[in-house]
Amino acid sequence: MTDLAKYTKELSDLFMSSDNILLICHINPDGDAIGSQLALYHYLTSKGRKVAMISPNKLQEFLKWMDGADNIKIFTGERKECIKYIEEASLIVLLDFNQQNRLGEVEQYVLRSASKKVIIDHHLEPQDLADLIISDTSKCSTAELLYELIKDIEGKPFNHIKFSESIYVGIVTDTGNFEHGSYTGRTLHIVADLLETGIDKERIHNLVYNNYSESRMRLLGLALNKRLIVIPEMKTAYIYLTQQDLNEYNHVMGDTEGFVNMPLSIRGIDFSVLFIEKSGFIKLSFRSKGYFPVNEFAAKYFSGGGHLNASGGEYNDTLENTIAYFLKALKETRISTD
């Protein structure tokens, strides 16, 4: 566990002395990335700071309802404006990632910038990308880490409904509604504090988890009925979706959120993988139960990384060849660890 107090004064000084603050999340942002970004946005604007936000690409549909989300500039659609924000920023805060390749097209502009940079993140092995790196892998989410930092800066919990709502979304989504992740008793105390501010947890739950299209539900049905492969002797199951599948069911970003978790509900399965065919490569998501380190598996075989039980990666080949390579890697790994 990181001693956050040693960062409090420097971080507060950076916030209060910077004229133009820019908040950037990672490519394909999830609930923790957007929740953390919006929470910090609401905190800083409440202090009278000038703040802008950039996402490397568009937000998933289930996050667009969040207060302030319409102020996030999408780099792939608003390049000139986003580049100007980067060039004019006096402070850039990178949220929920610590590897430069997680910036997508934004990477070259951020690395070129001479502005002060801060990383606030909870993932393993941060790159030396910033003047100040605040990393705590014991936190279940970047949102939890950010809550603690702002509490230390303020000397008490920051009682602000929009901030609380954003933090709550980050914590809930990064723990799969408390089904996985490194959440602790302290996390639940924070959630209790957030609820005391008056956030509507039922409304948030419905907007995050009960707000999908009919097409998404039918795609899930296809995934479980026709695209699920179970390998009981390896305690493994995987789902694959072709580009044709995605097109047929009118896929939009965020539709496959949570699919990879489904096979873990099968008795005896502790490792689940989702393969999604993209243009020129295959995107993989990994989940596990117990102590099977999917982050190590992803890093070794699929240029990926993440957490012990939740990770991702990519492979530049056909779907058929990627699955064949995965099965070979799976056999090597399971034999060596059993």
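The legends below describe close-up views of a predicted model.

View 1. Along its principal axes, the C-alpha trace of the protein spans about 55 × 40 × 40 Å. The radius of gyration is 20 Å, which agrees with the value near 20 Å that a compact globule of 338 residues would have. Buried residues account for 50% of the 338 residues. Among contacts between residues at least 6 apart in sequence, 65% join residues that are at least 24 apart.

**View 2. The open sheet of six strands with parallel pairing.** The strands of this sheet follow the order β3-β2-β1-β4-β5-β6. At its edges stand β3, residues 72-74, and β6, residues 132-135, each of which pairs on one side only. On average, and with direction ignored, neighbouring strands of this sheet are turned by 20° against each other. Strand β1, made of residues 20-24, runs parallel to strand β4, made of residues 91-95, and four bridges join the two. Within this part of the sheet, Leu22 stands opposite Ile92 in β4. Helix α2, residues 31-46, packs on the sheet, where it touches β1, β2 (50-55), β3 and β4, and its direction makes about 170° with that of β2. Helix α5, residues 142-154, also packs on the sheet, touching β5 (116-121) and β6, with its direction at about 115° to that of β5.

**View 3. The contact between helices α5 and α6.** The axes of α5 and of helix α6, residues 161-174, come within 8 Å and cross at roughly 145°. From α5, the residues Ala143, Glu144, Leu146, Tyr147 and Ile150 take part, and they meet Phe163, Ile167, Gly170 and Ile171 in α6. Sorted by class, this contact has seven nonpolar residues, one polar residue and one charged residue.

**View 4. Thr8 in helix α1.** Thr8 is found in helix α1, which comprises residues 5-17. With a relative accessible area of 13%, Thr8 falls under the 20% limit and is therefore buried. Leaving aside residues up to four places away in sequence, Thr8 touches Asp152 and Ile153.

**View 5. The open sheet of six strands with mixed pairing.** Here the strand order is β7-β8-β9-β10-β12-β11. The edge strands are β7 and β11 (305-306), and each of them pairs on one side only. Strands β7 and β8 pair in the antiparallel sense over four bridges, and Leu228 stands opposite Ile239 in β8. Helix α9, residues 214-226, packs on this sheet and touches β7 and β8, its direction making about 130° with that of β8. Helix α11 lies across β9, β10 (282-288), β11 and β12 (310-315), and runs at about 10° to β12.

**View 6. The buried and exposed residues of helix α11.** In this helix, which covers residues 294-302, the residues Val294, Asn295, Phe297, Ala298, Tyr301 and Phe302 are buried. Seen down the axis of α11, these buried residues fall within an arc of 160°, so they line one face of the helix. The face turned away from the buried side carries Glu296 and Lys300, which are exposed. After α11 comes Ser303, whose phi is positive, near 50°.

**View 7. Two loop residues, Lys235 and Asn250, with positive phi.** Lys235 lies in the loop between β7, residues 228-231, and β8, residues 236-241. Although Lys235 is not a glycine, its phi is positive, at about 55°. The relative accessibility of Lys235 is 44%, and this residue therefore counts as partly exposed. Asn250 has its place in the loop between α10, residues 243-248, and β9, residues 271-277. The phi of Asn250 is near 50°, which is again a positive value in a residue other than glycine. At 53% relative accessibility, Asn250 lies over the 50% limit and so counts as exposed.

Conventions
Residues numbered from 1 in each chain as written. Predicted model: local features only at pLDDT ≥ 70, side-chain atom pairs only at ≥ 80, totals over all residues. Heavy atoms only, no water. Pairing = 2+ DSSP bridges. Axes fitted to C-alpha atoms, helices over the stretch in contact; angles between N-to-C directions. Contact = heavy atoms within 4.5 Å. Nonpolar A, V, L, I, M, F, W, Y, C, P; charged D, E, K, R; others polar. Buried < 20%, exposed > 50% of the residue type's maximum accessible area, 1.4 Å probe, protein only. Arc of directions from axis to C-beta. Rg over C-alpha atoms; globule rule 2.2 N^0.38 Å.
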